[in-house]
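The exercises below work through the structure shown next, moving from overall architecture to single residues. Each task is followed by a solution that goes step by step.

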Amino acid sequence: MTKSKIIVSRRTLLKTGLAGVATVAAPTFFIRDAWADDFCNMPKGDTVTFGFNVPQTGAYADEGADELRAYQLAVKHLNGEGDGGMLKTMKPLALKGNGVLGKKVAYVTGDTQTKSDAARASAKRMIEKDGVVMVTGGSSSGVAVAVQSLCHDAGVIFMAGLTHSNDTTGKDKRAYGFRHFFNAYMSGVALGPVLAENYGKDRAAYHLTADYTWGWTQEESIKNATEQLGWKTIKTVRTPLGAGDFSQYITPVVNSGADVLILNHYGKDMINSLTQAVQFGLREKMANGKKFEIVVPLFSELMAQGAGDNIKGILGTANWDWKLTDDATKTFTKSFGAAYGTPPSQAAQTCYVQAILYADACERAGTFNPTEVIKALEGFEFDGLGNGKTLYRAADHQCFKEVLVVKGKANPKDKYDLLEIVKNVPAADVTYDPAIFGGELGSSAAKKCG
Amino acid sequence: MRNTKVRDVILLGCFAVAAVAAPLLAAPFGAGYPDLLVKFAIFGIFAVGFNILFGLTGYLSFGHAVFLGVGSYAAVWSFKLVSVNILPAVIGAILVSGLFALAIGYVSLRRSGIYFSILTLAFAQMCYNLAYSVLTPITNGETGLRVLRDDPRYLDSAVGVLGQSPSLFGLPMTGWTGYYVCAAVLVVAFAFSVAIFRSPFGMTLRAIKTNQNRMGYTGFNSRPYLLTAFVISGMYAGLAGSLMAATDPLAGAERMQWTASGEVVLMTILGGAGTLLGPVLGSGVIKYFENIFSAYNEAQLGTTLSFLPESIHDGVVKTLSLFVGEGWQLTLGLLFMVVVIFLPGGIMEGVMRVFRVKHTPPVKSLGDSAQRDIVGESVIEEMPADYGAHPAPEKALAEAKIGTTAQ
C-alpha cells in the first residue's frame with residue numbers, strides 16, 4: 001500500500017464511469033408520455049390549469065398578495081361563480097362563464113420571492129409538474145423578464161403582472177409574453193407636462209434608482225422627459241433592491257444643489273425611501289430659491305397606505321385607480337370589495353385583466369394551442385376592463401391605453417381614499433414607435449414539452 | 001480494510017441506482033419532475049463539497065455561496081463567449097471558483113473557529129455587493145446575467161454550431177436529459193468525496209477536527225491541508241454553480257447572498273455533517289420544502305383533508321395552512337429544531353439509530369460527528385501503517401543514536 005493511494009481506485013472509478021454512462025442513456029426510459037400532445041401542457045380532461053406566480057415574501061409581498069386575490073376572483077368569474085365581475089362589462093367578449101372552452105379553470109400558486117432564480121424555479125415547477133397552460137403574475141420587472149424568457153423557451157404563454165420596465169416589451173420582449181401594465185416610457189411622457197406645470201421648467205433633479213432593469217429604464221425615461229422640459233439632472237444614484245435603510249443615500253441629496261428628488265423605487269423600498277426623505281426634512285427645505293419637491297414616478301394605492309402622511313401632495317403615475325368612474329371600474333371594485341373588504345390595487349386590476357384576456361383569447365381562438373392564442377391576442381382591441389379603449393399591439397405585445405397622473409390626497413376621507421387623479425392622459429399621447437427599444441419577439445411556433 | 005472497500009462500492013452502486021431511479025422514487029412525493037430533481041442533484045453536489053470542509057475539518061465556512069455564484073457567472077460567460085457546450089463552461093467554472101477559493105481561503109484560514117466563519121462571511125458579502133452593484137457590467141446586477149441571441153460564442157461560430165441554449169454535444173440541458181447529466185456528475189462527485197473520506201488526506205482533515213493543537217505540537221503544519229480542503233470544496237461549489245447555469249442559463253447575484261451560504265450549512269447539519277450521505281439528504285429535504293411545500297395552498301389542503309368530519313375540517317385546514325404555502329419556512333424551522341434537539345448528528349444519526357449500527361455514540365454537539373457513516377468507523381481504527389506520525393519516531397530514534405555515539 002503506497003502512501004499516496006486513494007482507496008477508492010480504478011475499479012470504483014470504472015464502475016462509476018459505467019454508471020454515469022448508464023444514467024445518461026437511461027432517460028428515454030423514464031420520460032413521461034408527452035409526445036402525443038400537439039403542444040406543451042395541452043389540457044386533457046375537464047380542467048385547464050393556470051399558474052399564478054406572485055411574490056409572497058420580499059419587498060413586493062403586499063402587491064403579490066393583492067395579485068393573488070385578484071386571480072382567485074378571476075377564476076371564480078371565469079367559472080361562472082360570484083357576480084361575474086368585469087366579464088359583464090368587457091366588450092367584445094367571447095367567454096360564456098362556463099370556464100374556458102368548456103373546461104373549468106383550476107390554478108396553482110407559487111412564490112417568486114422577487115428573485116429571478118426563485119421565480120424561474122417556481123414557474124418551471126408549474127410547467128413541468130402541474131402542467132399549466134399559462135403562467136401569469138409577478139411584481140418585479142427583473143422577475144418578469146426572467147420568467148418571460150423561460151416561458152418562451154418552454155412554449156407556455158406568460159401574461160406579465162406588474163412590470164413597468166421598458167425592457168419587458170422592449171429589448172427583452174418575447175412572442176410568448178404579453179403585458180397589460182404600462183411602462184416607464186409612458187410614465188415619463190405622461191408625467192412631464194404635469195411636472196412642468198407644477199414645478200416650473202428650471203429645476204435640478206437628483207435620482208435615487210432601484211438597481212435593476214425597471215429602475216434603470218424608469219430613470220432613463222424620466223430623465224429624458226424632464227430634460228426635454230429644461231430640467232437639469234444633478235446626479236443619478238443606484239440603490240440595491242430591498243435596501244431597507246436609505247439614509248446613506250438621502251444625506252448627500254441635501255447639499256447636492258438639487259431641488260427635486262426623484263425616487264425610482266417601488267413597493268416597500270419606496271415606502272422606506274420616501275418616509276426617510278421626509279424625515280430628513282427635505283419637503284420643508286428650500287433649494288435654489290425654490291421649495292424642494294419629491295416625485296415618485298410610479299406609485300400605487302398600496303404604497304400610499306404604507307407611506308401614510310408622507311405621500312400627501314406627491315406626484316406620480318398609475319396604471320389604474322379604483323376611483324375611476326367608468327362602469328367597468330365600478331363593477332370590479334364592487335366585486336373585489338364584496339369578496340375581500342378592500343378596494344383593489346392597480347396590481348390586482350392588471351392581473352385580473354390579464355387572466356381574463358388570456359381566457360377570452362383561448363375562447364376566440366377555439367383552442368389552447370399557444371400559436372393560435374398569440375394570434376388572437378395580437379392586435380386585439382377591447383373596452384370595458386377599466387382603462388377605456390385598449391389595444392394589444394402586435395409588434396411588441398404591449399397594451400396601449402390611458403395613463404393616470406396621480407397625486408397623494410391632502411385630506412383623505414378614509415384609509416383607501418389616498419390618491420386623487422390629476423390628469424387622464426389619452427392613449428394616443430403615450431403611444432410610441434416599437435422600434436425605439438429594439439429587441440425581437442422570436443418564433444411563436446408551438447413547442448412540445450422537453 | 002477490504003470490508004470498507006466492498007462496502008464503499010456497494011454504497012456507490014446504490015447511490016447510482018437511486019440517482020437513475022429518482023424520477024420514479026420521487027414521484028409519490030410529488031417531486032418527480034425534472035426541475036426539482038435537477039435542484040436535488042446540484043445542491044447535493046454543493047453540500048457534498050461543503051461537507052468536505054465542514055464535515056471533515058470542522059471549519060464552518062459561512063460564505064460558501066460565493067463559489068456557487070462565481071461558478072455560475074463563469075459558466076454563463078463561457079456560454080456567451082466560448083460555446084454553448086457545457087464542457088468548457090464546467091471546466092472554466094471549476095477553475096475560476098478554485099482560484100477564488102484559494103484567495104479567500106488563504107486569508108480566512110489564518111484564523112479558526114468563529115473568526116474563520118466571520119471572515120468567510122465578510123468575503124461573501126463583499127463579493128455579493130460587488131456582483132450586485134459595483135461590477136454590474138460583468139454581472140448585470142439584480143437583473144442577472146443571461147445568454148442573449150447576439151452573443152459572439154467564438155468557438156461555436158468558428159466550427160459553425162448554431163443554437164443558443166446550453167447542451168452537452170447536442171444533448172439539451174433541459175428536462176430529463178438535463179437531470180441525467182446532473183445526476184451523472186453528482187455520482188462522480190459523490191465517488192470523489194468517498195475517495196477523499198477514505199484517503200490519508202481525509203484522515204489528516206479529521207485529525208485537524210479532532211485536535212488541531214495536538215497536530216501542531218507534533219510538528220504537523222495543518223494549514224496546507226486546510227487550504228486544499230477549502231479549495232476542493234470551493235471547486236465543488238463552482239461545479240454546482242456551473243450546472244445551475246447550464247440547466248437554467250441565468251446567473252443572479254442573490255445566489256451569493258448570505259442566506260444562500262446559510263442554506264448549505266443548514267443542509268449539511270440537517271443531513272448530518274461529516275457523514276457521506278447526510279448532505280445529499282439534507283439538500284433534498286430543504287429543496288423539497290422550498291419547492292413543494294411552498295406551493296401547497298389552502299384550497300389543496302382542503303381537498304386533501306376532505307375525509308375529516310365537517311365539524312373539525314375547517315379548523316384543521318385553517319391551522320395547518322399556517323404551515324404550508326407562505327409558511328413553509330416555519331415548518332422547516334420546526335423540523336430543524338427537532339433535528340438539532342433530538343438528533344444533533346442530523347438525519348443520518350436517525351437512520352443509524354433505526355438500523356442499530358454499532359459503534360454509534362450519540363452526538364453531543366451540533367456539527368459534530370463521530371464518523372458515524374456506515375463504514376467510517378473501521379477506517380479510523382485501521383490507519384495505514386506507513387502513514388502519518390509513523391516516520392517521526394524512526395527519525396527521532398536515529399537522532400538519539402547519533403547523540404549516543406557522540407557521547
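**Exercise 1. Domains of chain A**

Task: Into which domains is chain A divided, and which elements of domain 1 touch domain 2?

Solution: The model is a predicted one, and in it chain A is divided into domain 1, made of residues 47–182 + 322–401, and domain 2, made of residues 185–318. The C-alpha centres of these two domains of chain A lie 29 Å apart. Turning to the contact itself, 18 residues come from domain 1 of chain A and 19 residues from domain 2 of chain A. On the side of domain 1 that touches domain 2, the elements giving two or more residues are α3 (61–78), α5 (141–154) and α12 (346–365) of chain A. Sorted by class, this side of domain 1 of chain A has 5 nonpolar, 9 polar and 4 charged residues.

**Exercise 2. Overall dimensions of chain A**

Task: Compare the radius of gyration of chain A with the value for a compact globule, and describe the fold in general terms.

Solution: For 450 residues, a compact globule would have a radius of gyration near 22 Å, and because chain A has 24 Å, the two values agree. Along the principal axes, the C-alpha atoms of chain A fill a box of roughly 80 × 75 × 40 Å. The secondary structure of chain A comes to 14 helices and 17 strands, and buried residues make up 57% of its 450 residues. As for the contacts in chain A between residues at least 6 apart in sequence, 72% join residues that are at least 24 apart.

**Exercise 3. A helix pair in chain B**

Task: Determine how α2 and α12 of chain B are oriented to each other, and which residues meet.

Solution: Two packed helices are described by the angle between their axes and the distance between the axes. Helix α2 (residues 34–57) of chain B packs against helix α12 (residues 258–271) of chain B at an angle of about 75°, with the axes 9 Å apart. Since angles of 65 to 115 degrees count as roughly perpendicular, α2(B) is roughly perpendicular to α12(B). From α2(B), the residues B:Phe43, B:Phe46, B:Ala47, B:Phe50, B:Asn51, B:Phe54 and B:Gly55 meet B:Val264, B:Met267 and B:Thr268 in α12(B). By class, this contact of α2(B) with α12(B) has 7 nonpolar, 3 polar and no charged residues.

**Exercise 4. The surroundings of B:Ala101**

Task: Decide whether B:Ala101 is buried or exposed, and list its contacts beyond its sequence neighbours.

Solution: B:Ala101 is found in helix α4 (residues 86–108) of chain B. Because 28 other C-beta atoms lie within 10 Å, B:Ala101 is buried. Leaving aside neighbours within four places in sequence, B:Ala101 is in contact with B:Phe67, B:Phe230, B:Val231, B:Gly234 and B:Met235.

Definitions and conventions
Residues are numbered from 1 along each chain as its sequence is written. Chains are lettered from A and ligands numbered from 1 in the order in which they are written. This is a predicted model: local features need pLDDT of at least 70, side-chain atom pairs count only at pLDDT 80 or more; totals for chains, interfaces and linings use all residues. Domain bounds come from an automatic or database domain assignment. Two residues are in contact if their C-beta atoms, placed from the backbone, lie within 7 Å. Helices (H or I, at least four residues) and strands (E, at least two) are DSSP runs, numbered from the N terminus. Ala, Val, Leu, Ile, Met, Phe, Trp, Tyr, Cys and Pro count as nonpolar, Asp, Glu, Lys and Arg as charged, and the others, Gly among them, as polar. The radius of gyration is taken over C-alpha atoms; the globule rule is 2.2 Å times the number of residues to the power 0.38. A residue is buried if 20 or more other C-beta atoms lie within 10 Å of its own, exposed if 12 or fewer, and partly exposed in between; C-beta atoms are placed from the backbone. Axes are lines fitted to C-alpha atoms, for helices over the stretch in contact, and angles run from 0 to 180 degrees between N-to-C directions. Angles under 35 degrees count as roughly parallel, over 145 as roughly antiparallel, 65 to 115 as roughly perpendicular and the rest as oblique.
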